[in-house]
Amino acid sequence: MPRKILLTLLAIFGCASSHGQQPDSGTTPAPTPATPPANKESFHIYLLMGQSNMAGRDIRQLASQVDNPQVLALDMDGKWIVARDPLHPPQGRTVPGAGPGIPFALAMLKAEQKITIGLIPCAVGGSPLKDWVKGAEHYDKALIRARLAAQVGVIKGVLWHQGETDSAKKDTAESYELRLGTMFKDLRQDLRLPNLPIVVGQLGDFLTPDKQPYAETVRGTLRHIPTAMADVGYADSAGLTDKGDKLHFSAEAAKELGARYAKAMLSLQRK
């Protein structure tokens, strides 16, 4: 699909630039425009999909970031910029923070230093799995953005971190594995990448039974699906702490989770 049509579709979906809605324009540097490498094969693209723990919610370390020109992000206008947290746009009054995406990319660069990483932020805080299945809003947006990015690079994998919302009800938790597996199959088919590596991240140990009573059911799915589907990896969250709200990873935990995503992704890619 031509780039002009893809950009038009992004506009129809009502996407606003993730870096055009900064909560504090006085302290947050403007995004740095970037140009993907001329060699398409050296531009490795990864989709960041799921809900708030993929986007990140801890804002305490944002000011200490150091940009890396080999890690780019596709903003919500379909333009490439040097990646900087928050990668995702605000949701109303909710300010995104440091997620696992950039730490993942930096870990991938350590394994292969001559490439450039392109991140496609797609996560939406609080989103249930039903909004990520084929034909649903978040799935369709992610697909459009992936196809746009694939014009200048090679899609190498997907990071998935979602399930907190589906842990609130018995029926959504018990049907989670079937629905997630179907979505992964649809995504691979729609991207024409039947062996696309996908890494799922585990829910935090700190979730509370009163708000996520069926979290262990979803955790079981996330542990099991890599054994049930080919080319699916697993990033454990054991020992990672929350930012104090019993729901979201701290910035340090998100950094470690990103490294665990990279380890799992590299394992898949080396098979």
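In the predicted model, a search of the whole structure identifies 5 aromatic pairs. One of these is formed by Phe43 and Trp80, whose ring centres lie 4.9 Å apart; the planes meet at 70 degrees, so the arrangement is edge-to-face, a class that requires an angle over 60 degrees. This pair connects distant parts of the chain, since Phe43 belongs to strand S1 (residues 43–50) and Trp80 to strand S3 (residues 80–82), 37 residues apart. Phe43 has a relative accessibility of 0% and therefore counts as buried. Trp80 is likewise buried, with a relative accessible area of 8%.

An edge-to-face arrangement is also found for Phe206 and Phe249, because their planes stand at 80 degrees, with ring centres 5.2 Å apart. Phe206 is located in the loop between strand S6 (198–201) and helix H7 (215–228), whereas Phe249 is located in the loop between strand S7 (232–235) and helix H8 (251–269); the pair therefore ties together parts that are 43 residues apart in sequence. Both Phe206 and Phe249 are buried.

When neighbours within four places in sequence are set aside, Phe184 is in contact with Trp160, Ile198, Val200, Ile225 and Met229.

Terms used
Residues are numbered from 1 along each chain as its sequence is written. This is a predicted model: local features need pLDDT of at least 70, side-chain atom pairs count only at pLDDT 80 or more; totals for chains, interfaces and linings use all residues. Side-chain values use heavy atoms; hydrogens and water are left out. Rings of Phe, Tyr and Trp (its six-membered ring) pair if their centres lie within 6.5 Å; planes under 30 degrees apart count as stacked, over 60 as edge-to-face and the rest as tilted. Helices (H or I, at least four residues) and strands (E, at least two) are DSSP runs, numbered from the N terminus. Buried means under 20% relative accessible area, exposed over 50%, partly exposed in between (1.4 Å probe, protein chains only). Contact means heavy atoms within 4.5 Å.
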